[in-house]
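User: Please take a close look at one part of this model for me, the lining of a pocket. I'd enjoy one connected account.

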Amino acid sequence: MMAMSAFLFRAAPIVVAALLVLLKVSPVQASASLEGSFLLGERVVAIEKISSNDLRRYLASDWSKFDTYVKESSIMFSNDKVSVHWYQQITPPFPTHWPPQEVRSVTYYGYAEYAESNHHGPAYLRSAPWAKVVLTEGQPAVKQVLVDSLGEAIHGQGSRPISHEMAARLIQIHEDGEKGLPAFIGWQRIPDDAVQVQAIKDYYCQWMIENRTGTLVREAHQAFFDWLACPARNSVIPVLGY
């Protein structure tokens, strides 16, 4: 009896250690520990803290494989060319499912952009999306590199003069949208707060006025786009509501 007790005493630490290992690698335990968070590689980021910089960091190794320094652009009204440098850009988060669900999930797209000068201010030229990242609460990120090279710019955004009223409206749309975005990513249902909802709608609709990348991902998020019900793009007036 004493021998058996001594054996159990010696074996106890081994059994406990084995149980701890099993708990550490258990998918159920891992998922529970990540509730309220996204997992980007080895990094755990709280849902309300996720930002485009987190996505840039996560995609950095893939982005570095593209040759982004050798493109050339023509100077307006001239035969001269200048070298341009593509910069990594990230779309706003698009809900992976719509309406929102209990388990939060959003999709980001990486694209590229460079600026060129003209007589009315800078113009921004953009590539098609080159990467897609799906973030789902409590699960590892799912990344897909969509192309082998950036290719040519497929659309652009020029500069144009706007009134002080339009500028104030534009600033307000961006500020209200950025302020509400962390909560929006965490929506598990559409809230009853009409002001909060309208701020998100205005933010996304304004982004799509300025950036045609949205039209390239629309099909994958059609229900969300239908909910936004953005007005038709106005080629003359670049601010929502005018």
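Analyst: Happy to! The lining of the largest pocket is made up of 11 nonpolar, seven polar and four charged residues (nonpolar: Ala, Val, Leu, Ile, Met, Phe, Trp, Tyr, Cys and Pro; charged: Asp, Glu, Lys and Arg; polar: the others, Gly among them). The model is predicted, so local features need pLDDT of at least 70 and side-chain atom pairs 80 or more, while totals for chains, interfaces and linings use all residues. Numbering runs from 1 along each chain as its sequence is written, and side-chain values use heavy atoms, without hydrogens and water.

A pocket here is an open set of points on a 1 Å grid over the protein atoms alone, where a 1.4 Å probe fits, with protein on both sides within 12 Å along at least five of seven lines; lining residues have an atom within 4 Å of a point. The largest pocket holds about 450 Å³, the space filled by probe spheres on points joined across faces, edges and corners.

Of its 22 lining residues, Ser52, Ile90, Pro92, Glu178 and Tyr203 lie nearest the centre. Helix H4 (164-185) is among the elements supplying at least two lining residues, as is helix H5 (194-210); H4 gives the largest share, five. Helices are DSSP runs of H or I, at least four residues, numbered from the N terminus.

Tyr203 is buried, like Tyr204 (under 20% relative accessible area, 1.4 Å probe, protein chains only). Both tyrosines belong to one aromatic cluster that also includes Trp207 and Trp227.

Definitions and conventions: Buried means under 20% relative accessible area, exposed over 50%, partly exposed in between (1.4 Å probe, protein chains only). Rings of Phe, Tyr and Trp (its six-membered ring) pair if their centres lie within 6.5 Å; planes under 30 degrees apart count as stacked, over 60 as edge-to-face and the rest as tilted.
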